[in-house]
Amino acid sequence: MHDTVNVEAAGVPMVFVASAEFVDAADAQARALGADPARVFVPHPIQDRTDDELRALADAAIDAIVSAITSQSDN
Amino acid sequence: MSKRLLDPTSERQAGTARERAKRRGALGGKHVALLDISKPRGSVFLDRVEELLRARGADVSRFSKPTFTKPAPVDLRHEITSTCDVVIEALAD
Amino acid sequence: MVPDGLVAVVKRGCPTCELVAPVLAQLHDQLTIYSQDDPTFPDGIGAHDDTALDVSFALDIDTVPTLLRVQDGHVVDRVVGWERAGWEKFTGVDDLGAGLPDWRPGCGSRTHDPDVVDARLVASIMPHLHARLVELGDAEDESEAMYARGWSDGLPLVPPTPARVARMCAGTSRDPSEVVAVVPPDLVECTVEKVAINAVMAGCLPDYLPVVLTALEAACTDAFNMHGLLATTWLSGPLVVVNGPVTRTIGMNSGVNALGQGNRANATIGRALQLVIRNVGGGRPGEVDRATFGNPGKYTFCFAEDEAGSPWESLAVERGLPEGASAVTLFAAEGVRGVVDQLSREPESLARSYAACLRTVAHPKNIFVWDAMLIVSPEHGRVFRDAGWTKSRLRQELDALLQLPADEIVRGAGGIAEGMPEALCQPGTTLPKFRPGGLLITHAGGSAGLFSAIIGGWASGAVGSEPVTREVRT
């Protein structure tokens with residue numbers, strides 16, 4: 001999350017994508033950093049998925065990802 | 001080593017949060033940086049994201065962090081922020 | 001921690017310790033040696049490693065070498081520096097240090113190094129700090145980061161690192177977790193630690209903290225009504241007037257430009273109070289603070305009364321505190337107006353100048369509700385001193401002069417709609433400009449200038465604010 005905070009501090013919109021395992025950790029990091037960076041979560045697990053399954057995760061997440069870097073929102 | 005300060009507020013509101021960088025609308029014509037955190041399998045996900053972004057009219061450049069265990073090096077970050085309009089970092093698990 | 005028997009504390013970087021190294025070797029069998037900087041010293045013998053200085057602090061070492069006798073875990077005797085006769089008597093061993101001079105003074109113990117003292121202070125306090133730690137991004141500028149989070153009053157802040165806050169907390173004997181006041185508007189229990197964080201940001205030194213703490217306590221009383229003062233559309237903000245010995249120990253300004261810039265204590269104490277109201281209490285302009293104009297004093301407004309040069313008792317003493325006490329008085333202050341009078345030689349004339357100007361506080365036709373502070377300068381003070389007027393004599397005179405004709409102040413009089421209600425204004429009578437206790441008189445300013453100053457207050461009474469005086473405790 002430091003990367004996002006630093007890039008955003010330079011005025012460049014950023015989103016980071018993580019597996020659902022990261023939801024709580026990301027919230028805690030966000031609080032500690034005093035920031036609320038854009039983040040998109042994909043279902044866990046990642047490591048043992050096939051290439052097709054990973055591509056399917058990308059297809060499912062792409063709208064949220066694009067929205068996070070193109071629309072002004074509180075979320 | 002990042003700096004740490006003690007919070008001077010009542011800590012009641014979540015809202016000493018910094019505002020996000022301004023979003024400037026549609027993807028078409030934008031230069032997107034895809035930053036791979038270099039965990040295994042992440043590149044497959046990012047390859048597909050790149051295809052989808054190009055299909056939506058964006059230019060895409062790929063970058064990778066040397067390791068997912070640390071924040072991106074300053075030079076890499078500078079290269080990204082000075083050449084690209086928006087950034088997507090993936091895939092943490 | 002330290003074994004019974006003979007104990008020596010030394011450091012390599014001390015010529016006297018080096019000198020007595022052969023003596024330490026002579027006594028080696030019965031001696032436990034601690035080294036403050038290098039456990040390989042003395043050469044050939046070595047010592048217990050006390051580079052962390054825990055033993056040295058525990059044994060209260062001021063000088064090295066120190067020779068101690070420990071019995072049942074307590075130090076029962078000690079010898080400081082090198083002195084043959086003393087050491088021989090202490091140890092019961094003769095012929096110590098053949099060839100050495102008879103005596104030589106020791107060196108300062110590392111426990112007194114300023115860096116060591118500071119690091120230890122910080123380390124001892126930091127576990128008691130409980131505020132959330134805010135992590136900045138690597139590329140984040142500290143100054144911008146604090147602005148971005150809304151912590152600033154518009155001016156730059158000192159970053160409140162844990163070490164700075166720990167040092168600030170050492171400025172008071174109160175516990176960092178002690179609740180100082182319930183701060184409006186959010187009614188937050190504010191700890192010493194939170195005040196310390198804001199005091200660091202304001203630029204205070206640790207010695208100022210007791211004054212800031214007391215100012216906050218006074219501001220948050222029902223009587224002072226900080227909430228009301230914050231929320232009002234009127235111009236006022238909290239002014240802190242400081243009395244007593246603390247003004248000298250922390251170097252406050254009561255003289256030239258006392259109400260202006262340039263003195264760190266004056267500048268930062270007032271600012272710290274306002275930052276606490278903002279950051280802890282949640283009181284911010286545009287939110288609860290709806291002041292039409294505000295005034296520059298809302299950045300900071302704090303000065304010391306000039307007591308040494310005053311013809312009279314201090315503000316704090318007049319308000320009931322004992323002579324010699326340090327105190328703060330909180331007053332709901334507008335901006336400062338000057339009163340020029342370069343011609344009055346007699347006190348009656350000068351009092352009339354004051355009265356004519358005091359009449360216009362808030363509005364010449366408004367009475368009773370509005371408070372004010374008069375600051376008499378040294379040159380004007382001399383007029384009263386030379387005539388033998390006490391402060392109470394001046395008050396009496398002003399009260400009489402500020403009896404205003406009801407016919408002049410009633411609404412509509414003089415073609416001005418503003419004024420006092422008819423019901424209050426019986427024709428032919430007079431009414432007092434100020435309520436009892438509504439006019440404060442202080443003494444400050446540079447020694448040149450036949451001017452005095454008036455600071456208008458705010459409304460008094462149930463929905464307004466009362467000045468509050470409180471003794472400063474360290």
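**Reading rings, charges and a cavity**

Guide: Start in chain C: C:Trp82 and C:Trp87 are both buried. Keep in mind that this is a predicted model.

Visitor: What is the geometry of C:Trp312 and C:Phe384?

Guide: Tilted. Their centres are 5.7 Å apart and their planes make an angle of 45°. This pair links distant parts of the chain, 72 residues apart. C:Trp312 sits in the loop between strand E14 and helix H13, while C:Phe384 belongs to helix H15. Both C:Trp312 and C:Phe384 are buried.

Visitor: Which residues form one aromatic cluster with C:Trp312?

Guide: C:Tyr354, C:Phe384 and C:Trp389. C:Trp389 also has a charge over its face: C:Arg393, at 4.1 Å from the ring centre. Elsewhere, C:Arg69 lies over the face of C:Phe90, at 4.4 Å from the ring centre.

Visitor: Is A:Asp63 buried or exposed?

Guide: Exposed, at a relative accessible area of 51%.

Visitor: What does B:Arg62 meet in a salt bridge?

Guide: B:Asp47, at 2.8 Å from N to O. B:Arg62 is in strand E3 and B:Asp47 in helix H1, so the bridge ties together parts of chain B that are 15 residues apart in sequence. Both ends are partly exposed: B:Arg62 at 31%, B:Asp47 at 40%.

Visitor: And which residue forms a salt bridge with C:Asp371?

Guide: C:Arg435, with the closest N and O atoms at 2.8 Å. C:Asp371 lies in strand E17 and C:Arg435 in the loop between strands E19 and E20, so this pair ties together parts 64 residues apart. C:Asp371 has 2% relative accessibility and therefore counts as buried. C:Arg435 is buried too, at 12%. Salt bridges with shared partners also build one network of C:Arg174, C:Glu178, C:Glu217, C:Arg470 and C:Arg473.

Visitor: What shows where empty space is left?

Guide: A probe the size of a water molecule, rolled over the atoms.

Visitor: How many cavities of 30 Å³ or more does the count give?

Guide: One. The largest cavity holds about 30 Å³ of space.

Visitor: Which residues line the largest cavity?

Guide: C:Asp371 is one of them, alongside C:Phe224, C:Phe331, C:Ala332, C:Gly457, C:Trp458, C:Ser465, C:Glu466 and C:Pro467. Strands E15 and E21 of chain C are the elements that give two or more residues to this lining.

Visitor: How many of the lining residues are nonpolar, polar and charged?

Guide: Five are nonpolar, two polar and two charged.

Terms used: Residues are numbered from 1 along each chain as its sequence is written. Chains are lettered from A and ligands numbered from 1 in the order in which they are written. This is a predicted model: local features need pLDDT of at least 70, side-chain atom pairs count only at pLDDT 80 or more; totals for chains, interfaces and linings use all residues. Side-chain values use heavy atoms; hydrogens and water are left out. Buried means under 20% relative accessible area, exposed over 50%, partly exposed in between (1.4 Å probe, protein chains only). A salt bridge is a side-chain nitrogen of Lys or Arg within 4 Å of a carboxyl oxygen of Asp or Glu. Helices (H or I, at least four residues) and strands (E, at least two) are DSSP runs, numbered from the N terminus. Rings of Phe, Tyr and Trp (its six-membered ring) pair if their centres lie within 6.5 Å; planes under 30 degrees apart count as stacked, over 60 as edge-to-face and the rest as tilted. A charge sits over a ring if NZ of Lys or CZ of Arg is within 6 Å of the ring centre and within 35 degrees of the ring normal. On a 1 Å grid over the protein atoms alone, a cavity is a set of points where a 1.4 Å probe fits but cannot get out, and a pocket is an open set with protein on both sides within 12 Å along at least five of seven lines; lining residues have an atom within 4 Å of a point. Grid points are joined across faces, edges and corners, and a volume is the space filled by probe spheres set on the points. Ala, Val, Leu, Ile, Met, Phe, Trp, Tyr, Cys and Pro count as nonpolar, Asp, Glu, Lys and Arg as charged, and the others, Gly among them, as polar.
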